[in-house]
Structures are given as C-alpha cells and as structure tokens.
Amino acid sequence: MASAYRRRTTSVRPPPTAGPQAYSDPMPALPTPETVLREYAFWLERERADTYRVRAFRQAAEVAAALEPGAVPTTEAQWRALPRFGPKTAALAAAAVAGEVPQALADRRAAGAASLAPAGDGLRALLRGDLHTHTTWSDGGSPLWEMAEVAEALGHEYLAITDHSPRLRVANGLTRERLTAQWEEIALVQEMRHVRVLRAPRSTSSATGRWTAPTTSWQGSTSSSRPSTPT
C-alpha cells in the first residue's frame with residue numbers, strides 16, 4: 001500500500017480561484033488516461049455534480065492506472081471493453097492515449113476558470129485550511145489522498161478529515177477498526193505532503209442528546225502513530 005501511494009503524482013488541476021501563485025501547473029506534459037479522467041472528475045465535483053457521476057470517472061481512472069504499459073487500449077471500443085468504462089470515459093481515455101487534451105476536458109477547464117462566488121473571493125484568499133471534510137471512507141465523493149493533494153496545491157496549511165462516526169450508518173460511519181485503517185492511510189499520505197492532515201472523526205448525537213464517537217485519541221497526525229458504476 002505504501003509503495004502505491006509513493007508512486008502517485010499530482011493528477012488534478014485545482015480551481016483557479018486561489019490564484020496562479022498558489023500552485024504550479026500540475027498536469028503532465030502529455031495527458032494520460034488516468035490524469036485526464038481524474039481531472040474531469042475534479043471539475044465535475046467542483047460544479048457540484050451528482051456524486052455517482054464523479055465516482056464513475058474516478059473508478060475508470062483506477063482501472064486505467066492499473067494497466068500494464070503494453071496493455072493500454074488505443075481505441076474507444078477497446079476502452080469500452082474494460083470494466084468501469086462507458087462511452088464518455090472511453091472517449092476521454094482514447095484521446096489521452098492519442099496525446100490530445102479531450103475537448104470535453106478543455107470545456108470543463110474553461111468553465112472552471114470562473115469563480116463560483118465572486119463576492120467571496122476576498123474571504124477565500126484568507127482561508128488557511130479546511131476543518132470539515134468527508135472522504136470516500138464515509139459519505140464523501142473524493143479519496144483522501146486526492147483531497148490532500150488538492151489542499152496542498154491550493155496552498156492550504158491544514159486539512160481536517162472529519163468522516164462520520166459509527167452511529168450514522170446511512171453515511172457509512174467509521175467503526176474503530178475502519179478508523180484505524182484510515183489513520184494508517186493518513187500517515188502514508190502525510191509522508192508525501194506538506195499540508196498537515198488532521199485526524200478528526202466526526203461525533204454524532206443521538207435522539208437523547210448523547211454524543212457518540214470512536215473511542216480513540218483525536219490528536220492531529222504528522223507521523224505514522226495510530227491507535228492500539230460506468231459513465
């Protein structure tokens with residue numbers, strides 16, 4: 001698992017509202033199926049598309065990333081024959097293999113150049129981090145490693161991972177065992193990131209007003225310490 005994380009390179013393009021000084025261009029000189037699919041998912045999520053749509057592109061990206069160099073398809077038909085690939089994801093991947101930036105992705109980039117809330121741009125520039133985030137460990141739409149990657153690209157100093165506790169089953173709340181596994185992932189991600197990734201599982205109140213949370217320490221982490229569908 002650790003080696004897989006260390007092989008990852010920045011694959012998403014953060015929104016430009018942070019200003020060009022906040023990050024260097026993270027896209028590689030030549031697009032790859034994985035990076036194109038992940039960036040497309042990023043822009044979908046930024047415009048608040050349904051989570052299932054975002055997830056479809058990320059799942060296709062994972063399939064593309066796992067392919068051996070000699071097994072990479074070159075045509076849309078070949079891509080569609082793979083699991084998790086449909087017409088849209090196959091078209092993006094085939095264009096990337098051809099060394100092109102897909103028009104659909106170019107359109108998403110152009111749309112993303114506009115601020116989501118211009119009146120708040122001044123306040124946005126003052127933000128140093130995010131203290132409320134959900135990942136795919138519970139009911140979030142983005143994987144933890146990618147959220148940390150984008151947070152760092154935006155120039156953030158910290159990122160709190162606040163996934164749900166076990167009581168909220170409908171949101172896939174984390175049991176103690178799953179929380180321990182998540183903290184192991186946070187430790188691996190932290191090794192490669194300057195942004196501080198904070199461990200902060202979310203507490204949930206019951207109908208009686210009782211607060212529940214995993215029985216573990218909630219301290220922030222900068223080390224490896226830890227508790228005893230296709231489109």
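Predicted model: local features only at pLDDT ≥ 70, side-chain atom pairs only at ≥ 80, totals over all residues.
Here, a residue is called buried when its relative accessible area is under 20%, exposed when over 50%, and partly exposed in between (1.4 Å probe, protein chains only). Residues are numbered from 1 along each chain as its sequence is written, and side-chain values use heavy atoms, with hydrogens and water left out.

**Overall layout**

- The protein chain contains nine helices and five strands; helices (H or I, at least four residues) and strands (E, at least two) are DSSP runs, numbered from the N terminus.
- Reading from the N terminus, the order of elements is α-α-α-α-α-α-α-β-α-β-α-β-β-β.
- The chain has 231 residues, and 44% of them count as buried.
- Its accessible surface is about 12100 Å², with 54% belonging to carbon and sulfur atoms; such areas come from the Shrake-Rupley method with a 1.4 Å probe, and for residues only the protein chains shown count as cover.

- Leu105, Arg108 and Gly112 are the buried residues to look for in helix H6 (residues 103-112).
- They sit on the same side of H6 because they cover an arc of only 55° around the axis, the arc being that of the directions from the helix axis to the C-beta atoms.
- The cover over these buried residues includes helix H2 (33-46), helix H3 (51-65) and helix H5 (87-97), where contact means heavy atoms within 4.5 Å.

**Nonpolar cores**

- A nonpolar core is a set of buried Ala, Val, Leu, Ile, Met, Phe, Trp, Tyr and Cys residues joined through side-chain atoms within 4.5 Å.
- The largest has 23 residues, and Leu37, Tyr40, Leu44, Phe57, Trp79, Phe85 and Leu92 touch the most other members.
- H2, H3 and H5 are the elements that give two or more residues to this core, and H2 supplies the largest share, seven residues.
- A second, separate core holds 15 residues, including Leu174, Leu179, Trp183 and Val197.

**Salt bridges**

- The structure holds 10 salt bridges, each a side-chain nitrogen of Lys or Arg within 4 Å of a carboxyl oxygen of Asp or Glu.
- Glu45 and Arg58 form one of them (3.1 Å, N to O); Glu45 lies in helix H2 and Arg58 in helix H3, so the pair ties together parts that are 13 residues apart in sequence.
- Glu45 is partly exposed, at 29% relative accessible area, whereas Arg58 counts as buried at 7% relative accessibility.
- Arg58 also pairs with Glu146, their closest N and O atoms being 3.3 Å apart; Glu146 belongs to helix H8 (residues 144-153), so this bridge ties together parts 88 residues apart in sequence.
- Glu34, Arg38, Glu45, Arg58, Glu62 and Glu146 are linked in a network of salt bridges.
- Arg193 and Glu149 form a salt bridge with closest N and O atoms 3.2 Å apart, and both residues are buried.

**Loop residues with positive phi**

- Arg48, in the loop between H2 and H3, has a positive phi of about 65° although it is not a glycine, and counts as exposed at 73% relative accessibility.
- Arg84 has a positive phi of about 75°, again without being a glycine; it lies in the loop between helix H4 (76-80) and H5.
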